[in-house]
Amino acid sequence: MAHVEALSTSKYIIIVVNAFTAFTAIVFNSFTIQAIRKTPSLPKPLKTLLLSLAVSDVAVGLVAQPFFIVRLKISQETVPKMWLIQNVLANASFLGIVALSLERFLAVHLHLRYQELVTHKRVLGLTISAWVFSALLSFFCLWFDEELKRAIIIKIIIWSLCFIFITVISVRLYFTVRHHADQIQALQVQQAAQNGDLANALRLRKSAVSTFYVYFAFLACYLPFYCTLLAKKIFNWPSPTLKVFYKCSSTLMFINSSLDPVIYCWRMRDIRQSIKDILRNMFRRT
């Protein structure tokens, strides 16, 4: 009896946490979208990827988390339509983080060839393709596998490949940033700030470090859910405790949607200033 009460208490705690973080995800990312649009200093490829990620985070707060709360209230583990929406948004956010890390790696690694190879049209096409791929993959999995058994295996395989890819990119980006740090010190000695080389190098290094923070937050929030999927296939839900862990890890994955705009505001001065201007104008109107 005490065990059942503990499970019921944990369920209501998860519902409250999801309700609060859904609100913060909507508010924070709505301000972030406006700030990114009003920040002309951001390169267009980077702006496109940040907007795509912010839109997926808003959708998590607007759609995925309310559906998740409903699923908890009706005490059903798998509702196909709700699983479909959650899966599309999770995959889109996952691929968005991968694309953002790759774009920052290319910006730091390619130097002058970056603007030639990483164009706005190519990044926009990549972003749209990621959303389409996430939607089609989820639809196909649900269409051919209503019980979602094989769908979870496909999701595990795709996420495993993405985890490996983004980790390799992040490690290479780390060493590239360290190399650039040595170059920045040399530029400071030569007083190259007059021709803008030092300013550009510092800007790239700061944006790359910001991407690290986004990646670490993403890893901390998504990795427990990934481990839960593995446990689900290996142990086939042997205990109620694993079910609670699944709900908690899903909530942690949703919380990532509220953390991303906080990282942008903390690490990117231009976005932070745009948000201050938006809030200042709002208070003036009121």
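# Reading a predicted helical chain

Guide: Ile152 has its place in helix α6, where a helix is a DSSP run of H or I covering at least four residues, a strand is a run of E covering at least two, and both are numbered from the N terminus. This is a predicted model, in which local features need pLDDT of at least 70 and side-chain atom pairs count only at pLDDT 80 or more, while totals for chains, interfaces and linings use all residues. Residues are numbered from 1 along each chain as its sequence is written, and side-chain values use heavy atoms, with hydrogens and water left out.

Visitor: Why is Ile152 called buried?

Guide: Buried means a relative accessible area under 20%, exposed means over 50%, and partly exposed lies in between (1.4 Å probe, protein chains only). Ile152 has a relative accessibility of 7%, and therefore counts as buried. Apart from neighbours within four places in sequence, Ile152 is in contact (heavy atoms within 4.5 Å) with Leu229, Lys232 and Lys233. The C-alpha atoms of Ile152 and Cys141, residues 11 apart along the chain, are separated by 8.7 Å.

Visitor: What makes Phe245 partly exposed?

Guide: Phe245, which has its place in helix α8, has a relative accessibility of 40%, so Phe245 counts as partly exposed. Once neighbours within four places in sequence are left aside, Phe245 is in contact with Pro224 and Thr228. Phe245 and Pro224 are 21 residues apart in sequence, and their C-alpha atoms are 8.8 Å apart in space.

Visitor: How do you know which class Ser56 belongs to, buried or exposed?

Guide: Ser56, a residue of helix α2, has a relative accessible area of 1%, and is therefore buried. Its contacts beyond four places in sequence are with Leu89, Ser93 and Trp131.

Visitor: What makes the pairing of the Ser56 and Ser93 side chains a polar contact?

Guide: A polar contact is a pair of N or O atoms within 3.5 Å; within protein, one must be able to donate a hydrogen and the other to accept it, and residues adjacent in sequence count only if both atoms are side-chain atoms. The side chains of Ser56 and Ser93 make such a contact at 3.2 Å.

Visitor: What makes a group of residues a nonpolar core, and which residues of the largest one touch the most other members?

Guide: A nonpolar core is a set of buried Ala, Val, Leu, Ile, Met, Phe, Trp, Tyr and Cys residues joined through side-chain atoms within 4.5 Å. The largest one has 61 residues, of which Leu50, Phe94, Trp159, Phe218, Tyr222 and Ile271 touch the most other members. Helix α3 gives the most to this core, with 13 residues. Phe218, leaving out residues up to four places away in sequence, touches Phe94, Ile97, Phe163, Ile166, Leu223 and Asn256. A second, separate core of six residues includes Phe105, Ile169, Leu173 and Val177.

Visitor: What is the overall pattern of the chain, and how confident is the predictor?

Guide: The chain has nine helices and zero strands, and 48% of its 286 residues count as buried. Read along the sequence, the pattern is α-α-α-α-α-α-α-α-α. The mean pLDDT (the predictor's confidence in each residue, from 0 to 100) is 79 for the chain, and 80% of the residues score at least 70.
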